[in-house]
Amino acid sequence: MKVVFAGTPEFAACALRALIDAGFEIPLVLTQPDRPAGRGMQLQASAVKQVALAHGIEVLQPLSLRMDARDAQRAEEAKAAHERLLATSYDVMVVAAYGLILPRSTLDIKPCINIHGSLLPRWRGAAPIHRAIESGDAETGVTIMEMEEGLDTGPMLSMERLPILDTDTTGSLHDKLAAMGGRMIVEALHKMAEGGLAAVPQPEQGVTYAAKISKEEAKLDLQRPAAELARKVRAFNPFPGAHAQAGGVTIKIWNAQAVDGKGRPGQVLAADAQGIVVACGEGALRLTELQKPGGKRLAAGEFLKGFSFDGVSFE
């Protein structure tokens with residue numbers, strides 16, 4: 001079976017490596033254009049592009065796949081990509097966190113299968129891992145689905161569940177789901193080749209949407225309950241990183257737990273090596289890993305060596 005692969009970040013790169021290791025022939029990879037990254041803002045290839053080039057696979061990086069795009073350059077690149085797909089011999093396109101919309105013209109060439117990091121129809125959309133943790137879901141998983149023009153609305157081919165631990169961050173859960181997705185897509189393609197993979201429509205009940213994460217959401221509102229804020233800290237680790245202001249300084253908070261405590265929201269109730277305990281709208285939040293602007297991520301005890309909370313409250 002020949003597979004065209006479309007994806008961009010590490011979640012997708014994990015699936016691409018799994019397909020390569022399983023011996024699938026991959027004549028072409030689509031990924032988003034190189035983006036500026038790092039302190040020097042140098043152009044950086046996506047994780048998928050790096051894997052593809054390391055294995056000598058041709059890479060396309062169109063700005064869009066929509067041939068009717070209003071922008072002339074995007075429309076031209078989409079047309080070139082469409083012609084390249086038509087000229088490529090392949091059986092199926094596998095898509096994982098590509099970041100571009102696949103129009104009907106692309107979906108009609110060959111079957112398109114998506115690896116989605118949620119238990120569909122819950123958390124359709126861009127940020128299913130973040131939203132599952134933020135909402136306090138007990139479990140998540142991976143769904144392999146057929147693609148159609150709707151947002152993650154296609155019929156399901158396979159699904160596996162995974163419990164969300166109290167210690168899981170988006171980073172740790174991402175790695176588990178990425179490995180699961182890589183294994184599952186290999187299994188799904190083998191079953192497809194044998195004619196034993198049946199599609200099941202998604203339930204009409206339980207649909208939720210995982211909106212893209214914005215940096216503005218990362219500011220903690222200490223009027224909210226501590227349990228809710230603790231989930232938010234885990235959900236926004238490693239990106240974009242939850243934060244709050246103390247003494248006019250924006251402090252990123254990488255690890256925190258809800259604890260008992262009462263006081264004015266933002267009031268520092270205790271500050272020692274065990275953590276900085278901050279009163280919330282309900283309960284309190286123990287901050288155990290923090291970071292000042294330009295500094296390193298530090299455990300609470302180390303952080304307190306360079307920052308005093310005497311007379312300082314969080315805002």
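This is a predicted model: local features need pLDDT of at least 70, side-chain atom pairs count only at pLDDT 80 or more; totals for chains, interfaces and linings use all residues.
Helix α1 spans residues 10–21 and contains 12 residues. From its first C-alpha to its last, α1 reaches 16 Å. That length is close to the 16 Å expected at 1.5 Å a residue. The helix is mostly covered, with 9 of its 12 residues buried. The buried residues are Phe11, Ala12, Ala13, Cys14, Ala15, Leu16, Ala18, Leu19 and Ile20. In an α-helix there are 3.6 residues a turn, so residues three or four places apart point the same way.

The buried residues of α1 pack against both strands and helices. The strands are β1 (2–7), β2 (25–30), β6 (92–96) and β7 (112–116). The helices are α2 (47–54) and α6 (170–193). After α1 comes Gly23, which has a positive phi, near 90°.

Gln202 counts as buried because its relative accessible area is 9%, and the cut-off for burial is under 20%. Two polar contacts involve its side chain. One, of 2.9 Å, joins the side chain of Gln202 to that of Arg124. In the other, the Gln202 side chain reaches the backbone oxygen of Gly154 at 2.8 Å.

Technical notes: Residues are numbered from 1 along each chain as its sequence is written. Side-chain values use heavy atoms; hydrogens and water are left out. Helices (H or I, at least four residues) and strands (E, at least two) are DSSP runs, numbered from the N terminus. The expected span of a helix is 1.5 Å times one less than its number of residues. Buried means under 20% relative accessible area, exposed over 50%, partly exposed in between (1.4 Å probe, protein chains only). Contact means heavy atoms within 4.5 Å. A polar contact is a pair of N or O atoms within 3.5 Å; within protein, one must be able to donate a hydrogen and the other to accept it, and residues adjacent in sequence count only if both atoms are side-chain atoms.
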